[in-house]
Amino acid sequence: MKNCIHNEFIRNIAIIAHVDHGKTTLVDALFRQSGVFRDGQAVDERIMDSMDLERERGITIAAKNCAVSWKGVKINILDTPGHSDFGGEVERALSMVTGAILLVDAAEGPLPQTRFVLKKTLEAGLRIIVVVNKVDRKDARPQEVLNEIYDLFIDLGANEEQLEFPVLYAIGREGIAMASPDERGQDLSALFSAILQEIPGPAHNPEEPFHMLVSDLDYSDYLGRLAVGRVQHGTVRMRESFARVGEDGRAVPAKISKLQVYSGMQLVEVEEAQPGEIVVLSGMDDVFIGDTVCTRDEVRVLPRIQVDAPTVSVSFGINSSPLAGQEGKIVQSRKIRDRLIRETQRNVAIQVEDSADADSFIVKGRGEFQMAILVEQMRREGFELSVGRPQVIMRREGEQLLEPIEHLFVDCDEAFMGIVTEKLSQRKGRMTGLVNNGSGRVRIEFSVPSRGLIGFRDEFLTDTRGTGIMNSYLSGYELFRGDFPTRFTGSLVADRPGRAVAYAIYNLEPRGVMFVEPGDPMYEGLVVGEHNRENDIDVNPTKEKKLTNLRAAGKDENIILTPVRPMTLERALQFVADDELVEVTPLSIRLRKAELSAQKRHQAAGKKKTASPGKGE
């Protein structure tokens, strides 16, 4: 940039990595060693995982800001998600920083989500410090992993300057970083020094007035909506008059009630903030991500944040089952819609559209996992809703139909290679690479349609006896590869209301895997199990044993049922068929038919057979 200088008193960095490679644990150590906490202060582990869901699942879902100081320099740190489904969070975070720390596990090496977040970082032209973490693992192979990282940089088209990245080796859990895996460090001073030397201070033009891009939104019960962003140029002062430029390009007067910056995990109120600082502005209730905030006298408009298009859509609607309203506080479609719209204001990767049905809405996002997290957050807030099967979003170019294709990495025992390859080929997957190191495990790469992976994870874990690992990222769009069966099993569907009975469940177990336990409420159209065969069948899980006055040996033995595996949201979304819905309440997750009446379902099936003669005979 012309006439630009760097603010050497600030560094803005993002920490990027694959899921579970140690980002949040490393941030804990940075906090402790920079003096954020006083000696002896009791601090939880993974303090940046502020959401309950993040703590439970051990992953980062939302990008979060914090700040530490080292030798008089303020370091703003953004902890980013490692899962590609939360790519919108990564893109927002990268718009505020000038450098990144790429964290890679010393044993696992760069995995698919490492590739995803690194690609975004290289495209943004940021300076990168590579940290090979967990070098104390018994199976650590730091030199091989470093070579894999170089290969990944080259594969992603990194330029010569980006390839000359500094490398550090770390044990994040112990708060140690060193220049070589052979030496033993004492603390993270090597990492702090690398940040100050390698990451440039934010560039700004001292002649430009204040303007900033809103990269994130937060909410406070006392201050309302909070706009988070980096001051691009100029100094922001509370006494000035401000303007906000929205998507329509019009400058609207804006009043800022409070100006805050990060200090540790806390927000601190200040009167002014210098160029390059990450600030939090309150008082603008109509601000959105991508808006520009500037002085009213000299309006400057910054390019809006661009994110990848969504690849998956899911239908969200009211809970229309006979059990509706019994477990949740919020059941109205209007409130569901308001909550979804609120989500789009905080998450640029999610889009909401009205559907033909007034009581349901189409939500578009990056993947089924992102949708599952959104539904889980809503049910914890007291919502009752029904969710359809995730559908892949196709594209049309002229006469050609294109579909999203995933680059899938599978790590499994050699013995399971055949079954995994067979299952993926049935789903139109193509093997593109195979590595066998002779250790008994193989790493296989596939090119597979995104729709082929919906519902595959559970099947994959069963086939590999729970020992397989699969990760994927979106590689692009290709020509539609044709239809394939998404499920080879049908459903066991309850045909009447009542309560499930042990005697009935015991007699249904030979027909498939049951989802319900004795005493669970039933209604017509509820999916109570997975049928062994491809077709659905109506069953009566409320049937009790006929009592007579005759007694015979062995007739009154205790019934021992097969334990029921608890239904999780991800498992439900992967299992559900196109004509089924997931009923979600704060206390329960149930599967049901979209059309509850067995008679109407049979009539619709009959019409379908008549309309397509020759099928189903």
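The legends below describe close-up views of a predicted model. In this predicted model, local features need pLDDT of at least 70 and side-chain atom pairs count only at pLDDT 80 or more, whereas totals for chains, interfaces and linings use all residues. Residues are numbered from 1 along each chain as its sequence is written, and side-chain values use heavy atoms, with hydrogens and water left out.

View 1. Valine 132 lies in strand β6, which covers residues 127–133; helices (H or I, at least four residues) and strands (E, at least two) are DSSP runs, numbered from the N terminus. With a relative accessible area of 0%, valine 132 is buried, a term that means under 20% relative accessible area, while exposed means over 50% and partly exposed lies in between (1.4 Å probe, protein chains only). Leaving aside neighbours within four places in sequence, valine 132 is in contact with several residues, including Val104, Pro142, Ile149 and Tyr169, where contact means heavy atoms within 4.5 Å. Valine 104 is 28 residues away along the chain, yet its C-alpha atom and that of valine 132 are separated by 5.0 Å.

**View 2. The largest nonpolar core.** A nonpolar core is a set of buried Ala, Val, Leu, Ile, Met, Phe, Trp, Tyr and Cys residues joined through side-chain atoms within 4.5 Å. The largest one has 39 residues, and those with the most contacts inside it are Leu102, Leu118, Val130, Val132, Ile149 and Phe153. Helix α5 (residues 142–155) gives the most to this core, with five residues. Not counting residues up to four places away in sequence, leucine 118 touches Ile16, Leu102, Ile128, Leu152, Phe153 and Leu156. A second, separate core has 29 residues, among them Val314, Phe361, Val584 and Leu591.

**View 3. The packing of helix α1 with helix α7.** Helix α1 (residues 23–33) and helix α7 (residues 189–198) pack at an angle of about 90°, and their axes are 11 Å apart. That makes α1 roughly perpendicular to α7, since angles of 65 to 115 degrees count as roughly perpendicular, those under 35 as roughly parallel, those over 145 as roughly antiparallel and the rest as oblique. The axes are lines fitted to C-alpha atoms, for helices over the stretch in contact, and angles run from 0 to 180 degrees between N-to-C directions. Leu26, Leu30 and Gln33 in α1 meet Ser189, Leu191 and Phe192 in α7. Helix α1 is mostly covered, with eight of its 11 residues buried.

**View 4. An open sheet of eight strands.** The eight strands follow the order β14-β13-β19-β10-β11-β18-β15-β16, and their pairing is antiparallel; two strands pair if DSSP finds at least two bridges between them. The edge strands, β14 (251–254) and β16 (266–269), each pair on one side only. Strand β13 (residues 242–245) pairs with β14 over four bridges, and alanine 243 has proline 253 in β14 as its bridge partner.

**View 5. The hairpin of β15 and β16.** Strands β15 and β16 pair in the antiparallel sense over four bridges, and tyrosine 262 stands opposite leucine 267 in β16. Two residues lie between the strands of this hairpin, and glycine 264 in the turn has a positive phi of about 65°. Strand β15 (residues 258–263) also pairs with strand β18 (residues 278–282), in the antiparallel sense over four bridges.
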